[in-house]
Amino acid sequence: MASLKGRRALVTGAAGGIGQAIVARLKTEGVIVAGTDRQPCATDFSFDGDLMKAEFCDALPGRAFEAMGGLDIVINNAGIITRGPVTAASDEDYQRTMAINVEAPFRLCRAAIPIMTAAGGGAIVNTSSCWGVHPGPNHPLYVMSKAAVASLTQCLGMDHAHQNIRVNAVCPNEVNTPMIRTGFTQRGLDPDTAVKQLNASVPLGRIAEPEDIADVVVFLASDQARYICGSLIEVNGGKQVQ
Ligand SMILES: NC(=O)c1ccc[n+]([C@@H]2O[C@H](COP(=O)([O-])OP(=O)(O)OC[C@H]3O[C@@H](n4cnc5c(N)ncnc54)[C@H](O)[C@@H]3O)[C@@H](O)[C@H]2O)c1
């Protein structure tokens, strides 16, 4: 996509399963990338830190802008999954889930929008989930956090379109990353066998690979998606939430 060459992107969760695929795809398109995660990222600029820290989030878009000489794209990809019924959820589970999945995107959007506005516009891609749009069983904290991201996306898409800032969200169903594989391991299942079984539940015949999601994220960040604003794009291989 010619439109992306030389643009400057900040990607959270850049060392994770989907994050690494997003970074690789952006690099292929000639984008300058600042990555952030709890460990160093294989990006042009790396800001390792904890998204649970408010001051870290508040400062990140400005630091990325300074480092790259601009900020055209923000990809709020980092997230955690908290499993189990509400009766098993601790205060810490609630605070951690909301801090990483909701408060961090809120803080990053709030800090990035004035920077992008001053430069004439930009694109923000948030990561919700099919489960944030269609609730599934036994993950209430995760589902409500992803519903909040979906709502934040729709609101900001409306409120900042006039500043030429497009805010959209990708909503994956199951993706073959450490997030889903560690869940199988915790339940005593072999992740490869469990993924094969899960593949059979998807109309397209397999759960998503990180690249399937990264392609949609990069499309939404590009000028090819210039008329898409405030949208929640489900990427699910035809599988509904069960
Ligand atoms: N894997 C799936 O099935 C699936 C489905 C729907 C949505 N998603 C969403 O996609 C996004 C990426 O998930 P993934 O599957 O690549 O997971 P992942 O666990 O592989 O990657 C998530 C990354 O976020 C980082 N992160 C988590 N907490 C952080 C914190 N406090 N500070 C800084 N970084 C932190 C992790 O270090 C990790 O690198 C998440 O928002 C997730 O909710 C994933």
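Strand E4 (residues 73-76) and strand E5 run parallel and are joined by four bridges. The model is a predicted one, in which local features need pLDDT of at least 70 and side-chain atom pairs count only at pLDDT 80 or more, while totals for chains, interfaces and linings use all residues. Residue numbers start from 1 along each chain as its sequence is written.

How much of E5 is buried? Six of the six residues of this strand (residues 122-127) are, so E5 is largely enclosed by the rest of the structure. Buried here stands for 20 or more other C-beta atoms within 10 Å of a residue's own, exposed for 12 or fewer, and partly exposed for anything in between, with C-beta atoms placed from the backbone. Cover comes on both faces of E5, with Gly122, Ile124 and Asn126 buried on one side and Ala123, Val125 and Thr127 buried on the other.

E1 pairs in the parallel sense with strand E2 (residues 32-37) over five bridges, where Val11 stands opposite Gly35.

Next comes the core. A nonpolar core is taken as a set of buried Ala, Val, Leu, Ile, Met, Phe, Trp, Tyr and Cys residues joined through C-beta atoms within 7 Å. The largest one has 64 residues, and Ile22, Ile75 and Val217 are those with the most contacts inside it. H3 provides the largest share of this core, eight residues. Beyond its neighbours within four places in sequence, Ile75 is in contact (C-beta atoms, placed from the backbone, within 7 Å) with Ala9, Leu10, Val11, Thr12, Ile22, Val125, Val217 and Ala221.

Ala169, in strand E6, is buried, with 30 other C-beta atoms within 10 Å. Not counting residues up to four places away in sequence, Ala169 touches Val125, Asn126, Thr127, Ser128, Val149, Ala150, Thr153, Leu232 and Ile233. Gln154 lies 15 residues from Ala169 along the chain, and their C-alpha atoms are separated by 8.5 Å.

The loops hold a couple of asparagines with positive phi. Asn138 sits in the loop between helix H4 (130-133) and helix H5 (140-159), with phi near 65 degrees, a positive value in a residue other than glycine. Asn138 counts as exposed, with 11 C-beta neighbours inside 10 Å. Asn164, in the loop between H5 and E6, also has phi near 65 degrees, but is partly exposed, with 15 other C-beta atoms within 10 Å. Arg226, in the loop between H8 and strand E7 (232-235), has 11 C-beta neighbours inside 10 Å and so counts as exposed. Although 103 residues separate Arg226 from Ala123 in sequence, their C-alpha atoms are 9.2 Å apart.

As for overall layout, the chain is divided into domain 1 (2-173 + 210-235) and domain 2 (174-207), with bounds from an automatic or database domain assignment. Nine residues of domain 1 are in contact with six residues of domain 2. On the side of domain 1 that touches domain 2, helix H1 (17-28) and helix H8 (210-221) each supply at least two residues.

Methods. Two residues are in contact if their C-beta atoms, placed from the backbone, lie within 7 Å. Two strands pair if DSSP finds at least two bridges between them.
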